[in-house]
Amino acid sequence: MSTKVCLILLAAVAALASADERPTYSYSPPQNTYQAPEDSSEEVYSAPSEESYSASSEEEYGYGPAKYDFDWSVKDEYSGNDFGQEESRDGDRTEGSYYVHLPDGRLQKVTYYVDGDSGYVAEVTYEGEAQYPEESYESSESYEAPEPSYSAPSPSYSAPESEESEEIVVPSGRYGSPRN
């Protein structure tokens, strides 16, 4: 019986050892499967060979340091919304500004820059003077306070009949002998 146990243990160890092998995977660049129709004058794109994937190819494809410029704005006469932003970046240096017309009539403008790891540095300025028009509360309708819609709660307890009916027990202040 011990040889059977040894054989079973040996088979289990062999099974565990073979299960530890993991499959290997490899990556190859994607291959183009698109072919333009015969009667088309389109160029046929072919995937670059593995040799062309190098650090120098990043510059060829425009993968160098970040560089961009953009701006946008919104001006809606009906709602009074007027705001916008512009920004440009060249490598680690980013600079720009954004503005908004505030409800009090002033223009708030934020000019900022980020240079590498220096963080966000901003300057906030205001143009114009805050204006607060006189508020008029004249109305053809008059205001009246609402009537309360609740009633006082009724008591849910019963009061004692009288203080004379209560019996008060006063301790004697002496302790008796322990009981067994």
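Asp-69 is exposed, at a relative accessible area of 64% (exposed means over 50%, buried under 20%, partly exposed in between, with a 1.4 Å probe and protein chains only). The model is predicted: local features need pLDDT of at least 70, side-chain atom pairs count only at pLDDT 80 or more, and totals for chains, interfaces and linings use all residues. Residues are numbered from 1 along each chain as its sequence is written, and side-chain values use heavy atoms, without hydrogens and water.

Asp-69 lies in strand S1 (strands are DSSP runs of E, at least two residues, numbered from the N terminus). S1 spans residues 67–76; of its 10 residues the number buried is zero, so the strand lies largely in the open. S1 pairs with S2 (residues 81–90) in the antiparallel sense over 10 bridges (pairing needs at least two DSSP bridges). Trp-72 has Gln-85 of S2 as its bridge partner. Four residues separate the two strands of this hairpin, and Gly-80 in the turn has a positive phi of about 85°.

Four salt bridges are counted (a side-chain nitrogen of Lys or Arg within 4 Å of a carboxyl oxygen of Asp or Glu). One of them joins Lys-75 and Asp-82, with the closest N and O atoms 4.0 Å apart. Lys-75 is exposed at 59%, whereas Asp-82 is buried at 13%.

Arg-93 forms a salt bridge with Glu-95 at 3.3 Å. Arg-93 also meets Asp-115 at 3.8 Å, N to O. This second pair links strand S3 (residues 93–101) to strand S4 (residues 107–115), across 22 residues. Shared partners join Arg-93, Glu-95 and Asp-115 into one network.
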